[in-house]
Amino acid sequence: MTTVNDICSIMEDFAPTNLAMDWDNVGLMLGRTNREVEKVLLALDLTQEVVEQAIAEKVQMIITHHPAIFKKFSRVTDKDWQQNLILTLAENQIAVYSAHTNYDCADEGVNHILASKLGLMDVKTLDVESGLGRMGLSSSCSLIDFAAQVKNSLAADYVTIADAGKKVKVVGVCGGAGGDLVDLCLAKGIDTLVTGDIKYHTAQDAVFKGLNVVDAGHQATERIAIESLRARMEKYCKQNSLDVEFVVAKETLILKHV
């Protein structure tokens, strides 16, 4: 019998919790550790559509990238949409585990997968102190051509660029929101940063300092890691004779280009 605790142990082997940032909340968010698990739903976020799929699929556990519980609750009621989801899951005896910045930093985590998807070569850790981000070499090309490659590789709805007039050769990547890595990228000799959630003044600062930016969106730069996690979990369970099925949730884009 495979339990919630067993799945937690596998996840913590793949993405050790000590890799998480101090401000983060990772690990088991909800559920009994001894509950039997036969089916797991993997998702980027804990949303209404994900919870509905979990119930329809009759899973015993959900694994999300973004923390299911981030801010501390002083009460849990149906007055708040996030708390209501937690109540619904508890009523349906569905456990929830979240691996966030620890999965970003892990050896085969979000940023490793993002760099691989973009075809980067000689990949290294961008921020060696925190383990966040990756950097690697790209075939030399214009920013416009590279941005098109990013959009296609990530199946992104759209990408936004900030053009510093540099040829793309050395690329830094940070899934989600990596705007605070501009100065580190410049210090590392990077000419182009691929990330999401770039603000106007961050883009302005990057351009005038000489760094190209490709904003492919928060979801598009991270959702690629969910399918990879499914394959890895399935392989591990098969090798260890654990009879667990893994399903990737269908998640609607929050921000769309119109």
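Biologist: Is Trp23 buried or exposed?
Modeller: Trp23 counts as exposed, at 53% relative accessibility. Exposed means over 50% relative accessible area, buried under 20%, partly exposed in between (1.4 Å probe, protein chains only). This is a predicted model: local features need pLDDT of at least 70, side-chain atom pairs need 80 or more, and totals for chains, interfaces and linings use all residues. Numbering runs from 1 along each chain as its sequence is written, and side-chain values use heavy atoms, leaving out hydrogens and water.

Biologist: How many aromatic pairs are there?
Modeller: The count is 2. Rings of Phe, Tyr and Trp (its six-membered ring) pair if their centres lie within 6.5 Å; planes under 30 degrees apart are stacked, over 60 edge-to-face, the rest tilted. Phe14 and Tyr236 pair edge-to-face, 6.0 Å centre to centre, with 85 degrees between the planes.

Biologist: Where do those two sit?
Modeller: Phe14 is in helix α1 and Tyr236 in helix α10, 222 residues apart. Helices are DSSP runs (H or I, at least four residues), strands likewise (E, at least two), numbered from the N terminus. Phe14 is buried at 9%. Tyr236 is partly exposed at 27%.

Biologist: Switching to Thr192: which strand holds it?
Modeller: Thr192 is in strand β9, residues 192–195. Thr192 is buried, at 0% relative accessible area.

Biologist: Which side chain joins Thr192 in a polar contact of 3.2 Å?
Modeller: That of Asn212. A polar contact is a pair of N or O atoms within 3.5 Å; within protein, one must be able to donate a hydrogen and the other to accept it, and sequence-adjacent residues count only if both atoms are side-chain atoms. The Asp191 side chain also makes one with the Thr192 side chain, at 2.8 Å.
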